[in-house]
Amino acid sequence: MKAATVTGFGTSAKIVVSEKKRPKPAKHDVLVEVYCSSVNPKDWKLNKAITSLLPDVGIRPFIIGDDLSGIVVETGSEVTAFEVGDEVYGMDMRLRTSACAEYAKIAETRIAKKPKNISHVEAGVTPLAALTALQGFKVANLSKGQRILIIGASGGVGTYAVQIAKAWGADVTAVCSYRNVDLVSSLGADHIIDYTQGDFTHKKDSFDAIFDATSYESARTCASLLKEGGVFVTTFGQSKGLYSAIISKFVPVKHKTQSVTVESYTDHLNELTELFEKGKLKTILDREVAFEDIDEAYQRSKSGRAKGKIAIKIAEGI
Ligand SMILES: NC(=O)c1ccc[n+]([C@@H]2O[C@H](COP(=O)([O-])OP(=O)(O)OC[C@H]3O[C@@H](n4cnc5c(N)ncnc54)[C@H](OP(=O)(O)O)[C@@H]3O)[C@@H](O)[C@H]2O)c1
């Protein structure tokens, strides 16, 4: 089968599509014929770290990718929830899934039936980014009527975050640049802050929660924006968010930092499915890239300018 792997080291690392052996599902896995996958910033950050540290032996070259949408073609001996022919979507992290390939094995607990009203392209880019937003709001205990500030509202995570927060009944203030004001407004944000117009973190406000998809900020830099007892949630994709999450575990701080480490669960995916099928959630596609052009998808993600998600079309004609 065709599969995407990393070749080269550090900054010269490149994604290539080559022939790899089709995986065999273990007893709790299904084998999915992958129609669509996506790129997430974690992919190139991890690839860069791993290709810098590990020589081309052992686990290298591994097949990249976490998100998938496709059709079940084989089930492990103890799989109970899915059968051959089911259209599914889901993801698995930490090198447990190799989704950028014509076939991928994945645990049945990490997938759900694909929403009926969206395409495989829309479903295949959803899981990692949308689950990050959903799980971030669960961590924040976000509830109806609360005011939330979402930083990084125009990216993969942010475009889902704005819509999910609205669907949960929150009042959403979204931070994005002037480039994406129309897009983010169209997702239902109640108020917009253009981060290019000056440092918004110095303003006084009383948000119940801040969800920082960029992780450029911290509970300390956003202290004047949060009410007493307000929660700051970071995706810790950058060092600032990571350090503030670690420090707040050991040092008394005014506002607690919570972090989200995304994981895929069938019931969380089903929550997303319900939102899609009720018309409360849609996928924003920055671009769709053919499998052979996968490196272009990575370069676009690395630019940090993606508006929504970047799809990698594994199957032709979807
Ligand atoms: N912890 C976890 O489990 C987890 C899960 C998923 C993602 N993450 C991390 O979360 C981060 C976001 O992921 P993503 O997929 O949403 O990334 P992304 O799609 O690459 O984000 C790109 C978007 O960020 C916006 N942006 C850039 N700088 C900004 C700023 N200073 N303020 C506000 N918006 C800004 C860009 O808009 P402009 O062009 O207008 O600036 C662009 O639309 C990454 O660091 C990722 O590694 C962590």
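Predicted model: local features only at pLDDT ≥ 70, side-chain atom pairs only at ≥ 80, totals over all residues.
Helix α4 covers residues 156-167.

Next, colour α4 by burial. The helix is mostly covered, with 10 of its 12 residues buried. The buried positions are Gly156, Val157, Gly158, Thr159, Tyr160, Ala161, Val162, Gln163, Ile164 and Ala165. Then step just past the end of α4 to Gly169, where phi is positive, at about 90°.

Now select helix α3, residues 127-139. From the first C-alpha to the last, its 13 residues reach 17 Å, close to the 18 Å expected at 1.5 Å a residue. How many of the 13 residues of α3 are buried? The number is 11, so α3 is largely enclosed by the rest of the structure. To see them, select Pro127, Leu128, Ala129, Ala130, Leu131, Thr132, Ala133, Leu134, Gln135, Gly136 and Phe137. Just after α3, move to Asn141, which takes a positive phi of about 55°.

The tour now turns to the ligand. Select the ligand together with the 25 residues around it; Ser177, Tyr195, Val260, Arg305 and Ala306 come nearest. Both helices visited above return here: α3 and α4, along with α1 (41-53), each supply at least two residues of the shell around the ligand. Colouring by domain shows that the shell draws at least three residues from domain 1 (2-126 + 283-313) and at least three from domain 2 (129-259). Colouring by residue type divides the shell into nine nonpolar, 13 polar and three charged residues.

- Arg305: an N or O atom of the side chain is 2.5 Å from an oxygen atom of the ligand.
- Lys45: the corresponding distance from a side-chain N or O atom to a ligand oxygen is 2.8 Å.
- Arg179: a side-chain N or O atom is 3.3 Å from an oxygen atom of the ligand.

Finally, show the surface of the ligand. Taken alone, the ligand exposes 940 Å², and the protein buries 88% of that area.

How values were computed
Residues numbered from 1 in each chain as written. Heavy atoms only, no water. Helix = DSSP H or I, 4+ residues; strand = E, 2+ residues; numbered from the N terminus. Expected span 1.5 Å × (residues − 1). Buried < 20%, exposed > 50% of the residue type's maximum accessible area, 1.4 Å probe, protein only. Near = heavy atom within 4 Å. Polar contact = N/O pair within 3.5 Å; in protein donor to acceptor, adjacent residues only side chain to side chain. Areas by Shrake-Rupley, 256 points an atom, 1.4 Å probe, with all protein chains shown as cover. Nonpolar A, V, L, I, M, F, W, Y, C, P; charged D, E, K, R; others polar. Domains from an automatic or database assignment.
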